[in-house]
Amino acid sequence: MGTLVTLHLPPGSPLAGQPWVITIASPGDPEDWEPVVCGPYERDHALALARAVVADDDLTAVVEPLLPLDGVAAINRAIEAARTPAEEDFPPQVVQKHPGAPPEPAEVRAGWRRIAAGILGV
């Protein structure tokens, strides 16, 4: 079994509604092969897909939010916010809610439509 790494989000975090990406990599030497980055996905889809991929293989999957930022100023604001120490510390925790079976391709495509609508505000 591989390793799944993701953020522990506080309840109501706006990051939960962002698109999420999965990076699959070798758990050993980073020179083994290039990591595979896929997505965007809705958070629950990303977690279920990543868990299914690492379930029977010695891989590392990192599931993290993708921030659709619309320009240099927005990117710089995100960098500044990341550099600013957080007021609260959320220590790593074991995921209590395990995602179910991975979504079918049609469910993933429906998620993409919802993500696109959210990004574009339509």
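Student: What share of the 122 residues in the protein chain is made up of buried residues?

Tutor: Buried residues account for 25% of the 122 residues in the protein chain. The term buried means a relative accessible area under 20%, whereas exposed means over 50% and partly exposed lies in between (1.4 Å probe, protein chains only). The model is predicted, so local features need pLDDT of at least 70 and side-chain atom pairs count only at pLDDT 80 or more, while totals for chains, interfaces and linings use all residues. Residues are numbered from 1 along each chain as its sequence is written, and side-chain values use heavy atoms, with hydrogens and water left out.

Student: Why is T23 called buried?

Tutor: The relative accessible area of T23 is 18%, and T23 is therefore buried. T23 lies in strand β2. Beyond its neighbours within four places in sequence, T23 is in contact (heavy atoms within 4.5 Å) with P35, V36, V37, T60, A61, V62 and E64.

Student: What makes R51 partly exposed?

Tutor: R51 has a relative accessibility of 23%, so R51 counts as partly exposed. R51 is placed in helix α1. The C-alpha atoms of R51 and M1 are 9.6 Å from each other, although these residues are 50 apart along the chain.

Student: Why does L59 count as buried?

Tutor: The relative accessibility of L59 is 12%, and L59 therefore counts as buried. L59 is found in the loop between α1 and β4. Not counting residues up to four places away in sequence, L59 touches G2, T3, I24, A25, P27, W33, V53 and V54. For L59 and P27, 32 residues apart along the chain, the C-alpha separation is 5.5 Å.

Student: How many helices and strands does the secondary structure of the protein chain come to?

Tutor: The protein chain has three helices and four strands, arranged from the N terminus as β-β-β-α-β-α-α. Helices (H or I, at least four residues) and strands (E, at least two) are DSSP runs, numbered from the N terminus.

Student: How do you know that the span of α1 agrees with its 12 residues?

Tutor: At 1.5 Å a residue, the 12 residues of α1 should span 16 Å, and its end C-alpha atoms are 17 Å apart, so the two values agree. The expected span is 1.5 Å times one less than the number of residues. In α1, the buried residues are H45, A46, L47, A48, L49, A50 and V54. These buried residues of α1 pack against β1 (3–6), β2, β3, β4 and α3.

Student: What makes the buried residues of α3 line one face of the helix?

Tutor: The buried residues of α3 are V108, A110, G111 and I115. Seen down the axis of α3, they fall within an arc of 160 degrees, so they line one face of the helix; the arc is that of the directions from the helix axis to the C-beta atoms. These residues pack against β3 (36–41) and α1 (43–54). On the other side of α3, R113 and L120 are exposed. Just after α3, G121 has a positive phi of about 70 degrees.

Student: Which residues have the most contacts inside the largest nonpolar core?

Tutor: They are I22, Y41, A46, A61 and V63, in a core of 14 residues. A nonpolar core is a set of buried Ala, Val, Leu, Ile, Met, Phe, Trp, Tyr and Cys residues joined through side-chain atoms within 4.5 Å. At least two residues of this core come from each of β2 (20–25), α1 and β4 (60–65), and α1 gives the most, with five residues. Leaving aside neighbours within four places in sequence, Y41 is in contact with Q18, P19, W20, I22, A46, L49, V108, W112 and I115.

Student: What makes R43 count as lying over the face of W20?

Tutor: R43 is at 5.1 Å from the ring centre of W20. The criterion requires NZ of Lys or CZ of Arg within 6 Å of the ring centre and within 35 degrees of the ring normal. R43 therefore counts as lying over the face of W20.

Student: Why is the peptide bond from G39 to P40 called cis?

Tutor: Its omega is near 10 degrees, and the bond is cis. P40 lies in strand β3. Most peptide bonds are trans.
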